[in-house]
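Please look over the sequence and the model below. A short report follows.

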Amino acid sequence: MGGYRLIGHPLGHSMSPQIHERLFALEGRADSYTLFSFPPKELEAQIPVLRGLDGFNITIPYKQAILPYLDSLDDSAALYGAVNTVRMQGGRMTGYNTDCDGFLRTMQAHRFSLQTSVCVAGAGGVGRMFAIEAVRQGAELTIAVRDPAKGQALAQEIGERFGCPVQVSPLDALDRPFGLIINATPVGMSPKTGVSPLPKSVVAQAGAVFDCIYNPRETRLLQDAREAGVPAAGGMEMLVWQAAVAHEIWHGSRFSSAQIDPLVGEMNALLDQKAGRPDA
Ligand code: NAP
């Protein structure tokens, strides 16, 4: 069978096939990448199909559910307890998590340092990864949430694991400058655009802002940052970089910013086109 797929449910209008096909082209390969959506009760029955692929990516709701079926885990997946990329080698499935590298490569591309005061808004799946990675890189971390109990639970986990103090704040009570603000909530995401998870006054005092939302490309949070002259980056770069890192794992390729930046632009343009066609 072979080929590459994204598994998840539902998959909607995922941009993954377009991103991966462009990455195959950059590698000079003629492989195929398709969406493969099935309901959770079918996961076990689909494992033989997945074993027949050359590799696959995983999104919600299978990032953790796939763990019992894998033969081994890379450190990246073990650290976050979630897998988004599987490499096949001699019929063995190894799980990786490339969201983290996608995030770090995006920070590097913008020269956004994590060795500063970092505010992560949101404490869900991706927020947990940003928070852990920020601390691993030496950040002084604040987790900003709407539900303090969820923020406290993550702060305690990180504090115990890495031996560092972690602040927790309600989102609407933030009032200090941060070296870097990261949005890991879906606030501002299409179709509910035009809203920001953070007060404008806090955004204006930040050293830099990263919004992991990629649809729309220019969220209210990014607009607030740019209006205040604060360097800002959106989530499409992370989305493209995490896909590129999957190819680096599958094929030993290595991509440069000079290759990835135009692809990010292309995907943003595709998104704008789709936004102009509500039925797309
Ligand atoms: P998740 O696990 O559902 O976590 C969402 C977090 O946002 C939770 O802390 C949640 O708080 C908070 N939240 C939700 N609605 C909120 C609201 N109205 N006000 C304040 N906080 C709110 O989701 P996730 O998987 O981490 O994804 C979060 C966002 O990241 C999504 O927009 C997703 O598209 C984006 N993302 C982007 C990339 C990329 O490559 N660019 C990768 C992964 C995710 P409660 O627990 O209180 O609900």
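## Loops and backbone

Pro191 sits in the loop between strand 10 (180–183) and helix 7 (200–204). Helices (H or I, at least four residues) and strands (E, at least two) are DSSP runs, numbered from the N terminus. This is a predicted model, in which local features need pLDDT of at least 70, side-chain atom pairs count only at pLDDT 80 or more, and totals for chains, interfaces and linings use all residues. Residues are numbered from 1 along each chain as its sequence is written, and side-chain values use heavy atoms, with hydrogens and water left out.

The peptide bond between Ser190 and Pro191 is cis, with omega about 5°. Another cis bond runs from His9 to Pro10, with omega near -5°. Pro10 is in the loop between strand 1 (4–8) and helix 1.

Most residues other than glycine have a negative phi, and most peptide bonds are trans. Arg111 has a positive phi, near 55°, and is not a glycine. Arg111 belongs to the loop between helix 4 and strand 7 (117–121).

Pro40 is found in the loop between strand 2 (33–37) and helix 2 (43–51). Leaving aside residues up to four places away in sequence, Pro40 touches His9, Pro61 and Tyr62. Contact here means heavy atoms within 4.5 Å. From Pro40 to Ile132 there are 92 residues in sequence and 28 Å in space, C-alpha to C-alpha.

## Helix packing

Two packed helices are described by the angle between their axes and the distance between the axes. Axes are lines fitted to C-alpha atoms, for helices over the stretch in contact, and angles run from 0 to 180 degrees between N-to-C directions.

Helix 1 (residues 16–27) packs against helix 9 (residues 236–251) at about 50°, with the axes 10 Å apart. That makes helix 1 oblique to helix 9. Angles under 35 degrees count as roughly parallel, over 145 as roughly antiparallel, 65 to 115 as roughly perpendicular and the rest as oblique. On helix 1, the contact uses Ile19, His20, Leu23, Phe24 and Glu27. On helix 9, the partners include Leu239, Val240 and Trp250. By class, the residues of this contact are 8 nonpolar, 3 polar and 1 charged. Ala, Val, Leu, Ile, Met, Phe, Trp, Tyr, Cys and Pro count as nonpolar, Asp, Glu, Lys and Arg as charged, and the others, Gly among them, as polar.

Helix 1 also meets helix 10 (residues 257–275); their axes come within 11 Å and cross at roughly 150°. Helix 1 and helix 10 are therefore roughly antiparallel. The contact divides into 7 nonpolar, 2 polar and 3 charged residues.

Helix 4 (residues 99–109) and helix 5 (residues 125–136) pack at about 60°, with axes 10 Å apart. They are therefore oblique to each other. Asp99, Cys100, Phe103 and Leu104 of helix 4 meet Met129, Phe130 and Glu133 of helix 5. This contact has 5 nonpolar, no polar and 2 charged residues.

## Around the ligand

| Residue, backbone atom | Ligand atom | Distance |
|---|---|---|
| Ala123, N or O | oxygen | 2.8 Å |
| Gly235, polar | nitrogen | 3.0 Å |
| Leu239, polar | oxygen | 3.5 Å |

Methods:
A polar contact is a pair of N or O atoms within 3.5 Å; within protein, one must be able to donate a hydrogen and the other to accept it, and residues adjacent in sequence count only if both atoms are side-chain atoms.
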